[in-house]
Amino acid sequence: MTRRTNARIAGVALLLYIVVGIATMILSGRASGGEGTAERLASMAQHATSVRVSALLGLLTGFIAWALGAALYAITREEDSDLAMMALVCRVGEGLMGGIFIPMTFGLLSLATPEGASTTDSGAANVLASFVFTMRRWNPIIAATFFAVGSTLFSWLLLRGRMIPVVLAWLGVLASILLVVGLPLQLVGFLSGPITQRMWIPMAAFEIPLALWLIFKGARTPARQSHPATP
């Protein structure tokens with residue numbers, strides 16, 4: 001594929017990633033809301049269809065992440081193939097971690113339904129469900145950490161090659177580094193509260209303009225490629 005086509009694929013994938021990701025979070029949060037484990041299981045039983053749809057959207061998000069990673073790799077590999085490959089691997093890891101989330105969701109749904117509850121001791125089911133709910137809370141943070149590292153590398157390559165506006169590229173680098181630092185701190189419990197949501201604002205301010213730029217303007221050839229040295 002041409003560089004222009006890869007840029008458009010990357011831009012569309014970015015927008016889809018944002019839209020599908022938000023829809024997944026809304027459906028999942030609505031379907032498994034509640035104060036305690038028992039309430040959350042009851043909510044999942046009442047919204048079983050929403051749980052299944054959110055799982056499908058989660059699976060779709062993984063494939064979108066891979067498509068985005070492949071397109072960005074194709075755009076940035078001329079600048080540094082090793083760093084571009086590492087960034088692509090991070091996006092693959094992000095998709096795989098998101099995929100692990102899906103069996104956990106269906107396991108909880110099984111415990112929440114009358115069929116699953118009738119074959120499991122209620123006390124043991126609550127303990128198991130509590131553990132899986134905790135795992136589900138960690139899983140997106142780990143996946144997001146892979147995303148943040150990949151985003152840092154891709155943003156740096158876009159900046160170094162002057163493939164997109166410098167200000168936009170710098171915003172991507174700084175927003176990504178903020179997540180690279182903040183997400184592990186959130187994972188181990190050193191960071192909590194509203195700041196864990198606010199630290200995503202710079203990334204949103206970067207990704208949406210980047211997607212539109214890639215769709216309508218494309219990505220310039222890396223500076224070192226467009227101005228080869230004369231012998």
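Is S54 buried or exposed at its relative accessibility? At 8% relative accessibility, S54 counts as buried, where buried stands for under 20% relative accessible area, exposed for over 50% and partly exposed for anything in between, with a 1.4 Å probe and protein chains only.

1. Basis of the note. This is a predicted model, in which local features need pLDDT of at least 70 and side-chain atom pairs count only at pLDDT 80 or more, while totals for chains, interfaces and linings use all residues. Residues are numbered from 1 along each chain as its sequence is written, and side-chain values use heavy atoms, with hydrogens and water left out.

2. Overall make-up. The chain holds 10 helices and zero strands, these elements being DSSP runs numbered from the N terminus (H or I over at least four residues for helices, E over at least two for strands). Read from the N terminus, the order of elements is α-α-α-α-α-α-α-α-α-α. The C-alpha trace spans about 80 × 35 × 25 Å along its principal axes, and buried residues account for 43% of the 231 residues. Of the contacts between residues at least 6 apart in sequence, 78% join residues at least 24 apart, a contact being heavy atoms within 4.5 Å.

3. Surroundings of S54. This serine belongs to helix 3. Once residues up to four places away in sequence are not counted, S54 touches T24, L27 and S28.

4. Helix 3 against helix 4. Helix 3 (residues 48-76) and helix 4 (residues 81-112) pack at an angle of about 175°, and their axes lie 9 Å apart; the axes are lines fitted to C-alpha atoms, for helices over the stretch in contact, and the angles run from 0 to 180 degrees between N-to-C directions. Helix 3 is therefore roughly antiparallel to helix 4, given that angles under 35 degrees count as roughly parallel, over 145 as roughly antiparallel, 65 to 115 as roughly perpendicular and the rest as oblique. By class, the residues of this contact comprise 17 nonpolar, seven polar and three charged, with Ala, Val, Leu, Ile, Met, Phe, Trp, Tyr, Cys and Pro taken as nonpolar, Asp, Glu, Lys and Arg as charged, and the others, Gly among them, as polar.

5. Helix 2 against helix 4. Helix 2 (residues 37-46) packs with helix 4 at an angle of about 95°, the axes being 8 Å apart, and the two helices are therefore roughly perpendicular to each other. From helix 2, L41, M44 and A45 meet T105, L108, L109, L111 and A112 in helix 4. The residues of that contact divide into seven nonpolar, one polar and no charged.

6. Buried side of helix 2. The buried residues of helix 2 are L41, S43 and M44. Around the axis they cover an arc of only 160°, which puts them on the same side of helix 2; the arc is that of the directions from the helix axis to the C-beta atoms.

7. S151 is found in helix 6 (residues 122-160) and counts as buried at 5% relative accessibility. Leaving aside its neighbours within four places in sequence, S151 is in contact with S176, M203 and F206. I141 also has its place in helix 6 and is buried, with a relative accessible area of 10%. With neighbours within four places in sequence again left aside, I141 is in contact with L183, Q186 and L187. I141 and M97 are 44 residues apart in sequence and 9.6 Å apart in space, C-alpha to C-alpha.

8. R162 lies in the loop between helix 6 and helix 7 (166-187), where its phi is near 55°, a positive value in a residue other than glycine. At 41% relative accessibility, R162 counts as partly exposed.

9. Helix 9. Helix 9 (residues 201-216) has 16 residues and reaches 23 Å from its first C-alpha to its last, close to the 22 Å expected at 1.5 Å a residue, the expected span being 1.5 Å times one less than the number of residues. Its residues M203, F206, E207, L210, A211, L214 and I215 are buried, and seen down the axis of helix 9 the buried residues fall within an arc of 145°, so they line one face of the helix. I201 and F216, on the other side of helix 9, are exposed. Just after helix 9, G218 takes a positive phi of about 85°.
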